[in-house]
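Hi everyone, thanks for making time today. I'd like to walk you through a structure that may be new to you, so let's bring it up and look together.

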Amino acid sequence: MSDFILFDEEFHQIKDVIGRLKADAQAKVVFIVDKNGQQIAAQGDMESLDTTSLASLTAGNVAATDGLARLIGEKEFPVLFHEGERDNVYISIVGQRVILVVIFDERSSLGLVRLRVRKANGELERIFDTIQKKVESEKTRRQEGYDSPFAEITDEDIDSLFRE
Amino acid sequence: MTFINYAAREINCKIVYYGPGLCGKTTNLQYIYDRTNPAAKGKLISLATETDRTLFFDFLPLDLGTVRGFKTRFHLYTVPGQVFYDASRKLILKGVDGVVFVADSQEARLDANVESLQNLEKNLTDHGFDLQVIPYVLQLNKRDLPTALPADELYRQLNFKGEPTFEASAPNGQGVFDTLKAVAKQVLMELRKK
């Protein structure tokens, strides 16, 4: 399985798209997680949030729901919505690869979020397509003899991580 | 599937602790959590039943430090060990970079270890991984119990491919960090090959 690599250029494009989505949907927080639970980018007031745990639980949630979908003969459930007393969470799958999460309160509405997410989804899909292509061409380059930045990792580098 | 983030200069890797029910997977994570500097760890999340049996997974994010200018972050997961949670167990293996098999050394749990190991092999295959090649470490846990089988016998029965094997007693920490270090090392070595 190939690794997921995020380059500066696409990272900023993603940040732009979700920043706009946050404003348009009047959301509190918007973030993107890969299906394995790694956070890719976020916009909004993240100070009070444990984003690493959020990312991992979101991915677990989506994985469990995907499993449910397959059990009843669906490919996936592309949208999950959790309604709370104050805050709500709208989760959608972008291009079957990554997960877009929007947290919003009474200043917005489910209809508005749904509408804006649909628009952002298309843009994000294009960016993730580009990333995919870049990762593949990078792989070919490496096979042709270009080294990855990690080709030089030494045993000592690794041991130093564990020194008390 | 390692996630290399050039924008944040981070490498994120996923390590899964596998093994039969009550073998000590959660205890391994708990010990690592208790002994790690607060700045280097996130919250330990346990999705458990009321009786403290893992229902879906435990999760612990850990920062190990910087290598070649990249912050190395390891996400440690455990699976629910009980046989009937297989569907959940399989989900956790998605995108895994390295696996620790925690074996219960007690004689009465030998069959459960063997069954869980076979289950690991099958679930990895279903995700397109091969236990023969994926970074992998065996931990023989509960060495402190009087009912523990001799380590060499367990090694013969459970060692899959000559992987590094550690004797452990997770509640008091024996072997816990050695196990983590061995699997993390293999995962980082894999990056070198890519």
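Let's start where the chains meet. Strand 1 of chain A, residues 4-6, is joined to strand 1 of chain B by 3 bridges, and these two strands run parallel. If you'd like one pair to find on screen, look for A:L6, which stands opposite B:N5 in strand 1 of chain B. Please keep in mind that this is a predicted model.

Now zoom out to the whole contact. Chain B brings 33 residues to it and chain A brings 32. Which elements of chain B give two or more residues to that side? They are strand 1 (3-5), strand 2 (10-18), strand 4 (54-67), strand 5 (70-78), helix 2 (86-92) and helix 5 (176-193). Strand 4 of chain B provides the largest share, with 7 residues. Sorted by class, the side of chain B that touches chain A has 16 nonpolar residues, 9 polar and 8 charged.

Next, chain B as a whole. There are 5 helices and 8 strands in chain B, and read from the N terminus the order is β-β-α-β-β-β-α-β-α-β-α-β-α.

How is chain B packed? A compact globule of 194 residues would have a radius of gyration near 16 Å, and chain B agrees, because its value is 16 Å. Along the principal axes, the C-alpha atoms of chain B fill a box of roughly 50 × 35 × 30 Å. Of its 194 residues, 48% count as buried. And among contacts in chain B between residues at least 6 apart in sequence, 69% link residues at least 24 apart.

Notes. Residues numbered from 1 in each chain as written. Chains lettered and ligands numbered in written order. Predicted model: local features only at pLDDT ≥ 70, side-chain atom pairs only at ≥ 80, totals over all residues. Contact = placed C-beta atoms within 7 Å. Helix = DSSP H or I, 4+ residues; strand = E, 2+ residues; numbered from the N terminus. Nonpolar A, V, L, I, M, F, W, Y, C, P; charged D, E, K, R; others polar. Pairing = 2+ DSSP bridges. Rg over C-alpha atoms; globule rule 2.2 N^0.38 Å. Buried ≥ 20, exposed ≤ 12 C-beta atoms within 10 Å, placed from the backbone.
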